Amino acid sequence: MKLFPLVVLFHFAATGTKGKIFSRCHLAHILQDAKVEGYEGLGVADWVCFATHASKLDSAEILSFTGPHRNYGIFKLSNTDHCQDNSRESYTNLCQTCCTYFVNEDLSDDIQCLKMHIKNKGLDSW
Ligand SMILES: [Ca+2]
């Protein structure tokens, strides 16, 4: 059992920025407005499905694993690839941002970051 990652849920409340649990419908409208339909061959339904599986549509969710690896927000963007947090000294930081921006209710930066990931590696690489 010690080999499996210890998953702990945290809710972001430190800076006053609040997360939100989105409905599938609301998220679909946000994604349509962000013009994700057809992006790299994926549709809004693919994105909604992915977010539902990744976070149960909770933008405030942070998953911590054994060690410094953490995943942030509705799309589970990670401190190993996408953003910077204080738990690691080296990281890729593909999206050149702080991970805490992925746990608020503004999904525009999350969507842009996931688009960058999809363009570079595809959604299957998640
Ligand atoms: Ca955000």
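The mean pLDDT of the protein, pLDDT being the predictor's confidence in each residue from 0 to 100, is 85, and 82% of its residues reach 70 or more. The structure is a predicted model, in which local features need pLDDT of at least 70 and side-chain atom pairs count only at pLDDT 80 or more, while totals for chains, interfaces and linings use all residues. Residues are numbered from 1 along each chain as its sequence is written. Over residues 1–16 the pLDDT is below 50. Where pLDDT is low, the predicted coordinates should not be read in detail.

The axes of helix H1 (residues 24–33) and helix H2 (residues 44–55), lines fitted to C-alpha atoms over the stretch in contact, with angles from 0 to 180 degrees between N-to-C directions, come within 10 Å and cross at roughly 130°. H1 is therefore oblique to H2, since angles under 35 degrees count as roughly parallel, over 145 as roughly antiparallel, 65 to 115 as roughly perpendicular and the rest as oblique. Arg24, Leu27, Ala28, Leu31 and Gln32 of H1 meet Val44, Trp47, Val48, Ala51 and Thr52 of H2, contact requiring C-beta atoms, placed from the backbone, within 7 Å.

Note on methods. Helix = DSSP H or I, 4+ residues; strand = E, 2+ residues; numbered from the N terminus. Contact = placed C-beta atoms within 7 Å.
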